Amino acid sequence: MKRKDLVVGIDVGTSHVRVIVGEPLPDNTVNIVGVGLSSSQGLKKGVIVDLDKTTQSITSAVEEAERMVGFDIKEAYVGLVGMNVELVPNKGVVAVTSEDREITGEDVDRVMQSTRVIPLASDREIVNVIPRQFIVDGYDGIRDPVGMLGVRLEVDALIITATITTLRNLMRCVNRAGIEVSGLVLQSLANSEVALSSDEKELGVFLLDLGGGKSELSFYQHGVLQSISVLPVGGNHITNDIAIGLRTGFETAENLKLEHGCALTAMTEENEKLEVTCVGGKDRQVVSERDLAGFIEPRAYEVMQLMQEEMKKMGWEDMPPAGVVLTGGISLMEGITEMAEQVYNTSVRVAEPQFVGVKSPIYTTAVGVLNYVIKSSGEGIPEKKEGGSGFLVKNWWDRFRNWLNEIFE
Ligand SMILES: Nc1ncnc2c1ncn2[C@@H]1O[C@H](COP(=O)(O)OP(=O)(O)OP(=O)(O)O)[C@@H](O)[C@H]1O
Ligand SMILES: [Mg+2]
């Protein structure tokens with residue numbers, strides 16, 4: 001396999017850094033050939049707070065993936081946390097230029113460019129523009145207008161902006177780890193590639209990424225991302241609550257949570273006893289699984305309820321037709337699906353990548369970055385590279401790379 005054929009995705013999370021190396025396949029899917037995982041040290045609540053530690057974590061995950069694939073990784077696409085990100089809807093319009101009025105990839109590129117003219121605070125940058133629908137001579141709901149005939153091409157787009165500080169810190173850590181950033185992919189967009197079916201995205205669905213430092217809510221309908229909201233609360237807070245409640249160390253509390261944690265006290269056994277070392281290591285205490293769940297339940301419930309408030313702000317008192325999909329490490333916890341079903345009163349399922357070696361919701365974002373890039377750049381479907389929206393996004397990635405070089409060098 002030639003290394004230039006491979007695509008690398010990195011997810012810099014609060015708990016772990018994950019590096020995934022994938023080979024694009026002709027059917028626009030991916031074959032995963034390398035994985036690197038390291039525990040993440042420099043982030044709090046999804047945000048980088050220590051550049052050196054984050055760089056070290058990225059370096060060790062990259063090295064692990066490199067050992068697996070047998071060559072040096074030079075560039076990668078990186079997931080961007082939804083914190084400090086804004087979604088701005090905007091419209092663009094252009095006249096179709098060709099004499100025969102057939103819409104080309106170039107027209108699509110121009111109309112997408114025209115949406116980028118928005119008032120922007122000095123501390124923000126546009127990181128991506130997603131077309132929600134194209135409108136050709138007044139006919140709306142078009143996903144790919146290339147090849148259609150028309151005079152006037154409009155686009156209804158979603159502009160993603162992020163604070164320059166967030167981008168700069170992420171870029172700096174990845175660069176210091178010896179990797180050039182080929183592009184950034186919003187984590188919500190990456191997650192949806194792995195976690196949601198096209199039917200769910202069409203009908204309306206909430207996707208909840210329950211991570212270590214934050215919980216990220218995305219709402220999809222009519223096939224596209226409509227809104228996002230990020231709460232700076234995640235699994236680390238649960239671990240913290242257990243540590244305080246049982247007066248034990250953070251590591252012991254984390255292991256208890258991983259091995260015996262359950263989100264609903266009603267699902268635990270009172271007579272399942274666990275021996276726990278107190279902080280300092282001198283005394284020991286015996287607690288039941290129910291006692292442990294007693295520390296987890298209120299925090300998990302709080303996150304679910306705060307998310308419900310966000311859902312209401314997005315206009316959903318009742319749930320959308322496709323319900324709720326959970327992913328992220330906390331979705332592995334026993335009882336979390338049942339709790340979500342009780343709170344949201346709808347169908348809830350857990351999503352994870354369907355690949356050997358990364359078949360866990362902790363890999364959803366990293367695998368999703370790969371899937372998103374391969375799908376949007378038309379890699380693996382060479383005939384689409386010269387036309388179609390794949391062409392457009394390919395141009396976009398190139399422009400993105402130039403822009404990154406301009407502001408970060
Ligand atoms: N089997 C499990 N049972 C319970 N909790 C789990 C399990 N596996 C992982 N977790 C928890 O999931 C959290 C990590 O999730 P994840 O790996 O998705 O976070 P992250 O992507 O690194 O962080 P973030 O997205 O918040 O920046 C941790 O709190 C961890 O304890
Ligand atoms: Mg995450």
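Reader: Let's start with Arg101: how many C-beta neighbours does Arg101 have inside 10 Å?

Author: Arg101 has 13 C-beta neighbours inside 10 Å, so it counts as partly exposed. The general idea is a count of other C-beta atoms, placed from the backbone, within 10 Å of a residue's own: 20 or more is buried, 12 or fewer is exposed, and in between is partly exposed. This is a predicted model, where local features need pLDDT of at least 70, side-chain atom pairs count only at pLDDT 80 or more, and totals for chains, interfaces and linings use all residues. Residues are numbered from 1 along each chain as its sequence is written, while chains are lettered from A and ligands numbered from 1 in the order in which they are written.

Reader: Where is Arg101 found?

Author: Look in the loop between β7 and α2 (105-114). Those labels are DSSP runs numbered from the N terminus (helices are H or I, at least four residues; strands are E, at least two). Arg101 also has a positive phi, about 65°, although it is not a glycine.

Reader: And what about phi at Asn345?

Author: Asn345 is not a glycine, yet its phi is positive too, about 55°. You'll find Asn345 in the loop between α9 (336-344) and β18 (348-350). With 12 other C-beta atoms within 10 Å, Asn345 is exposed.

Reader: Is Cys262 buried or exposed?

Author: Cys262 has 24 C-beta neighbours inside 10 Å, so this one counts as buried. Its place is the loop between α7 and β15 (273-277). Leaving aside neighbours within four places in sequence, Cys262 is in contact (C-beta atoms, placed from the backbone, within 7 Å) with residues including Met267, Glu289, Ile296 and Gly335. Across the whole chain, buried residues make up 46% of the 409.

Reader: How many helices and strands does the chain have?

Author: Count twelve helices and 18 strands. Their C-alpha atoms, with the rest of the chain's, fill a box of roughly 85 × 50 × 40 Å along the principal axes. Among contacts between residues at least 6 apart in sequence, 67% join residues at least 24 apart.

Reader: Which residues are closest to ligand 1?

Author: Gly13, Ser15, Gly211, Gly235 and Gly329 are the closest of the 23 residues that surround ligand 1. To be near, a residue needs its C-beta atom, placed from the backbone, within 6 Å of the molecule. α6 (235-246) and α7 (250-260) are the elements that give two or more residues to this shell, and α7 has the largest share, three residues.

Reader: How do I read the domains, and what touches between domain 2 and domain 3?

Author: Domain bounds come from an automatic or database domain assignment. Here that assignment gives four entries, among them domain 2 (85-163) and domain 3 (196-233 + 298-350). Five residues of domain 2 are in contact with four residues of domain 3. On the domain 2 side, β7 (85-95) and β8 (124-136) each supply at least two residues. The centres of the two domains, taken over C-alpha atoms, are 29 Å apart.

Reader: Where does pLDDT stay under 50?

Author: Check residues 378-393. pLDDT is the predictor's confidence in each residue, from 0 to 100. Where pLDDT is low, the predicted coordinates should not be read in detail. Over the chain, pLDDT averages 90, and 91% of the residues score at least 70.

How values were computed: Contact = placed C-beta atoms within 7 Å.
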